[in-house]
Amino acid sequence: MALDDFDRALIAATQSGLPLLARPYDAVGATLGVSGERVQQRLAEMLAQGLIRRIGAVPNHYRLGYVANGMSVWDIADERVSELGKLVAALPEVSHCYRRPRHLPQWPYNLFVMLHGQSREHVQAQADRIAAMLGEACRARDILYSTAILKKTGLRLKEV
């Protein structure tokens, strides 16, 4: 599906994020010469059409004081990973939770759970609570701590 000129202008106007204002869609619409309602309507259509995947906040965890950010990885019995993954994903301290294929024999983990805390001890405590919840379905686990922010951007159009 091709983007028309308005779609391109809308993406360009929002690709750095929505303005931090009480009525951000109105501000975007003012730059494009349309109403805020038109902006919201077209973004909703683009979501429904799959042109964009989501509209959401992209927090910088470090700036919020969460300096210990760890991707916890779990080796969960395959027959239970979907069921248990849904329970883990619902925890308030979990920002990302998804299933990935194992790469045996080096990488036995099939569930990835991103945790954030103000210290590694805090993240470790979160992981310990998840381990208790997973019980015997969890065969192994580890935490891979972030050392840098690699990407904090959304959709970007190439300039032509």
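Guide: Let's begin with a term: a charge sits over a ring if NZ of Lys or CZ of Arg is within 6 Å of the ring centre and within 35 degrees of the ring normal. R120 lies over the face of Y145, at 4.1 Å from the ring centre. R100 is placed over the face of F112, 5.8 Å from the ring centre. By the way, this is a predicted model, where local features need pLDDT of at least 70, side-chain atom pairs count only at pLDDT 80 or more, and totals for chains, interfaces and linings use all residues. Residues are numbered from 1 along each chain as its sequence is written, and side-chain values use heavy atoms, with hydrogens and water left out.

Visitor: Why is the pair of Y98 and F112 called stacked?
Guide: Rings of Phe, Tyr and Trp (its six-membered ring) pair if their centres lie within 6.5 Å; planes under 30 degrees apart count as stacked, over 60 as edge-to-face and the rest as tilted. Y98 and F112 have ring centres 5.8 Å apart and planes at 10 degrees, so the pair is stacked.

Visitor: And what makes W107 and Y109 edge-to-face?
Guide: Their planes are 75 degrees apart, with 4.7 Å centre to centre, and the edge-to-face label takes planes over 60 degrees apart. Y98, W107, Y109 and F112 form one aromatic cluster.
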